[in-house]
Structures are given as structure tokens and as C-alpha cells.
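The structure comes first, then the notes.

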Amino acid sequence: MTLPKDARGVVALDDPRPRGVRLNAEALIGRRARAVDASGIRRIFDLGAKMANPINLSIGQPDFPVPEPIKRAAITAIEGDRNGYTPTQGLPALLTAIRERTRDRAGWRLDDPSIGTMVTSGTSGGLLLACLAIADEGDEIVIPDPYFVMYPQIGPITGARMVTCPTYPDFRMTAERVEPLIGPRTKAVIVNSPSNPCGVVLRESEVRDLVDLCARRGVLLISDEIYDEFVFEDALEHGTCPTPARYSEDVLVIGGFGKTYACTGWRLGYATGPAPIIAEMLKLQQHSYICAPTPLQHGVVESFAISMRPQVDAYQRRRDLLLDALGDKVSIARPGGAFYAFIEVPPRLGVSGSEFVERALAEQLLVIPGKVFSHRDTHFRVSFAVAEDRLRAGLAVLSRLLD
Ligand code: PMP
């Protein structure tokens with residue numbers, strides 16, 4: 001059978017759609033989605049995509065390859081036909097690995113029934129499920145300012161009110177700064193150390209004080225530890241990243257694999273902490289993400305045994321390059337981990353963070369204005385997760401602009 005064709009040779013079938021009538025999709029968008037803002041960081045990505053060969057110091061992921069054994073394990077799982085669902089909670093072997101690591105870092109007992117553990121779809125997935133599990137309309141969650149871009153947006157998504165805790169100029173989210181913000185509706189405090197965007201690592205005494213405060217006030221402490229392996233020698237205590245989990249099993253620890261092993265696109269994280277909260281998160285995961293990607297869960301089962309020290313040491317050298325290049329021109333809270341520095345635009349320049357970033361863009365240098373991470377527009381974020389020659393080139397531009 002030959003189908004009728006029009007003059008251009010395109011098959012002309014009867015179009016069943018009522019002509020000219022299109023769905024007014026805009027009109028269907030709900031208030032909750034409208035209230036979510038993703039504009040700040042997207043603008044920088046769009047600009048970067050348009051530039052021919054920018055010096056890109058805006059990147060939020062590591063620049064080294066995924067360790068070979070992790071890649072192999074994932075490939076073996078795919079080739080071995082292990083591609084179906086895992087239990088919602090995650091692969092049992094991976095859950096055991098996560099619990100053993102929490103035992104080793106924080107002293108939590110493997111067989112403590114008051115502790116639950118689950119694998120999540122990224123750290124973001126874990127954070128979102130945790131907040132959905134606890135927050136009712138109008139409940140409050142305290143977050144640092146500057147914050148990871150997702151934190152304020154958890155508000156419109158869950159109905160919670162996100163209360164910011166200003167941490168300028170040293171970016172330390174101390175109990176002293178958090179305490180006045182806790183009220184009758186406060187359900188949780190989110191702490192992030194090492195932090196995005198500042199790289200600041202809290203000390204043992206600081207995380208312990210936060211644990212004490214939250215325990216006294218009956219509030220959940222959620223510890224976003226996505227950068228816990230990215231801690232430089234000068235910020236380590238007892239050979240590890242200080243974690244509030246060392247002081248209580250009531251902390252909800254949310255961690256991830258993406259940054260540590262450079263597999264951000266694998267969307268793998270975990271949550272471990274109070275069993276009743278994990279149980280609710282599991283219910284929500286069952287009806288949303290279902291489970292984290294199965295072959296990739298297989299990929300990271302053995303990951304905690306792989307030392308990332310050489311990569312972290314390389315990032316420490318880049319951090320030092322940055323401090324050497326800019327340290328005496330501007331005020332920088334020394335990054336103890338992650339791969340970011342949050343730098344103040346010197347007031348003598350008389351420009352805002354955003355205006356300074358425009359100047360950098362004119363020099364083909366991409367950095368992110370502080371207002372993307374903050375209510376203030378006085379700083380900018382530099383990522384040093386880039387090759388050393390690019391970093392040096394970027395620092396030379398910044399050094400000139402900051403003079
Ligand atoms: N928390 C912080 C502090 C982050 O910086 C990021 C990613 N930039 C996330 C969570 C989200 O991580 P994931 O990709 O594992 O969802």
C-alpha cells in the first residue's frame with residue numbers, strides 16, 4: 001500500500017488533533033513548582049555553554065576519573081544481568097558497607113535497631129526525602145547562609161519554612177549562631193561540613209556543640225556529609241572529618257558517592273540515622289525513586305576500601321595555589337575541604353559580587369556570584385576542581401581584577 005504524500009514528499013495522514021488548539025500547559029503549573037527557583041546557577045551554565053574556551057572555575061564536580069575497580073564492578077553487574085530493581089532500601093551488601101563505615105568513623109553499633117540505613121538517589125534525593133518525612137506546612141528547618149543551592153528550595157517543595165543562619169564572615173555554623181533561630185516549629189537543622197560553597201570544615205568541638213543543642217531542643221540534626229572524604233590534612237581530626245555522628249546516634253547522616261569517586265552522574269547517596277525517620281523516607285522512596293540504580297550500587301559496594309588520598313592531596317595543593325595567589329589581596333575563609341573557596345569582593349572595589357562576576361566573564365573567566373548561595377551579594381565562589389594550568393590561568397585573571 002502506498003500512502004498519500006504532499007508536495008514535499010511527506011506522508012499526509014489525517015491529523016486527528018483539533019486544529020489550532022494546543023494545551024495551555026503554562027496555566028496548569030502549580031504554585032509549588034512556580035515557587036522553586038533554579039535561575040541563578042543555570043544562567044552561569046548557559047553563559048559557559050556559549051563561550052568558546054572559557055576558564056571554567058564554576059564546576060561543582062571532581063575532574064579525575066572514576067577509580068577503575070568501581071567502573072569494573074558496575075560493568076560486571078550490567079554484563080551479569082543484574083539490572084533489575086534492588087530492594088527500595090538498597091543492595092544489602094552496600095547497606096552493610098555503609099554501616100561498617102559509620103561504625104568505623106562514628107562508633108555506631110552495627111546491630112543497633114534504633115538506627116536505619118538506606119541507599120538514596122544521590123545526596124539530594126536523601127535530603128529531599130528526609131525533609132519530606134519530617135516537615136508539615138509551616139514547620140521550620142534551619143540552614144546555613146551561604147547554603148548549597150538546593151537547601152532554600154526544599155521550602156517550596158515541602159511546605160517547610162527554611163530559616164537561614166547567617167555565618168559570615170568565617171562561615172562557621174556554630175551552636176551559638178543556630179540557637180536563637182530555633183523556635184516551637186523547628187523540626188531540623190541542616191549542617192554541611194565541608195561546605196559548599198565555602199569549603200569550611202567545622203571542628204570536633206563545634207559539631208559536638210551542635211549535637212548538644214539539637215538534643216536539648218528536640219530537633220533533628222541533619223548532617224550533609226557529601227564532601228566527607230575531601231578534607232585536607234590541616235582540617236582532619238583523629239585522622240578523619242569531624243562528624244556530629246561521633247556524638248550521637250540521633251543525627252541523620254546524609255552522604256554520597258558522586259563527589260568522592262567522581263561519579264556524580266550515577267546519582268548515588270545514602271542516609272543513616274534514626275530508624276523511624278528512615279522508615280518514612282523508605283515509604284516515600286518506594287513511591288518516587290523506587291531504588292537507586294542497581295548496577296551502579298554494585299559498582300560502589302567496595303568503594304570505601306579505595307583510598308582517595310592522592311586525589312584529595314592534589315586538591316589540597318590547588319587550594320594552596322589559590323591561597324598563595326589571592327590570600328593577601330582578599331579575605332578568604334581558609335577552605336579545609338571540598339573544592340571551593342568563597343571569596344569576598346574587596347569593598348574598596350565598590351562593586352557587588354554579581355558585578356564582579358560580570359567583569360570576570362568579560363575576561364572569559366567563569367565563577368559563580370555569591371548571591372546564588374546566599375541572601376548577600378558580596379562574594380563569589382571559585383572551584384578548584386580543574387587542572388592546575390587552568391586554575392593558574394584563572395587565578396592570574398582574578399589577581400588582576402582584585403588589584
Ligand atoms: N549537598 C551538597 C552540599 C552539594 O554540594 C551537593 C552537590 N553539589 C549535593 C548535596 C547533591 O549531591 P548529589 O549529586 O549526590 O545529589
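The lining of the largest pocket in this predicted model comprises 23 nonpolar, 14 polar and eight charged residues. Here Ala, Val, Leu, Ile, Met, Phe, Trp, Tyr, Cys and Pro count as nonpolar, Asp, Glu, Lys and Arg as charged, and the others, Gly among them, as polar. Numbering starts from 1 along each chain as its sequence is written, and side-chain values use heavy atoms, with hydrogens and water left out. Local features need pLDDT of at least 70 and side-chain atom pairs count only at pLDDT 80 or more, while totals for chains, interfaces and linings use all residues.

**Largest pocket**

- The volume of the largest pocket is about 920 Å³.
- Its lining holds 45 residues, and Ile41, Phe148, Val149, Met150 and Phe373 are the closest to the centre.
- A pocket is an open set of points on a 1 Å grid over the protein atoms alone, with protein on both sides within 12 Å along at least five of seven lines; a cavity is a set where a 1.4 Å probe fits but cannot get out; lining residues have an atom within 4 Å of a point.
- Grid points are joined across faces, edges and corners, and a volume is the space filled by probe spheres set on the points.
- At least two lining residues each come from α2 (39-50), α5 (122-134), α6 (150-158), α12 (353-362) and β11 (368-369).
- The top contributor to this lining is α2, with six residues.
- Helices (H or I, at least four residues) and strands (E, at least two) are DSSP runs, numbered from the N terminus.
- Domain 1 (35-65 + 308-402) and domain 2 (84-305) each give at least three residues to the lining of the largest pocket; the bounds come from an automatic or database domain assignment.

**Second largest pocket**

- The second largest pocket holds about 390 Å³ of space.
- Its lining has 23 residues, with Arg101, Arg105, Glu229, Phe304 and Ile306 nearest the centre.
- Both α4 (92-106) and α11 (309-326) supply at least two lining residues, and α4 gives the most, with five.
- By class, this lining has eleven nonpolar, four polar and eight charged residues.
- The second largest pocket lies between domain 1 and domain 2, because both give residues to its lining.

**Ligand site**

- Around the ligand are Gly122, Thr123, Ser124, Phe148, Asn192, Asn196, Asp224, Ile226, Tyr227, Lys259 and Arg267, each with a heavy atom within 4 Å of the ligand.
- Polar contacts are pairs of N or O atoms within 3.5 Å.
- Ser124 places a polar side-chain atom 2.5 Å from an oxygen atom of the ligand.
- A side-chain N or O atom of Asn196 is 2.8 Å from a ligand oxygen atom.
- For Arg267, a side-chain N or O atom is 2.7 Å from an oxygen atom of the ligand.
- The protein buries 91% of the 400 Å² that the ligand exposes when taken alone; these areas come from the Shrake-Rupley method with a 1.4 Å probe.

**Cavities**

- There are four cavities of 30 Å³ or more.
- The largest cavity holds about 90 Å³ of space.
- Its lining includes Pro144, Pro146, Phe171, Asn192 and Cys198.
- Seven residues of that lining are nonpolar, four are polar and no residue is charged.
- The second largest cavity has about 40 Å³ of volume.
- Among the residues that line the second largest cavity are Arg101, Glu229, Tyr270 and Phe304.
- That lining divides into three nonpolar, three polar and four charged residues.

**Backbone exceptions**

- Most residues other than glycine have a negative phi, and most peptide bonds are trans.
- Tyr168 and Pro169 are joined by a cis peptide bond, with omega about 0 degrees. Pro169 sits in the loop between β4 (161-166) and α7 (175-178).
- Asn196 and Pro197 are also joined by a cis peptide bond, with omega about 20 degrees. Pro197 belongs to the loop between β5 (186-192) and α8 (204-217).
- Arg267 has a positive phi, near 55 degrees. Arg267 is in the loop between β7 (252-256) and β8 (269-274).

Conventions:
Polar contact = N/O pair within 3.5 Å; in protein donor to acceptor, adjacent residues only side chain to side chain.
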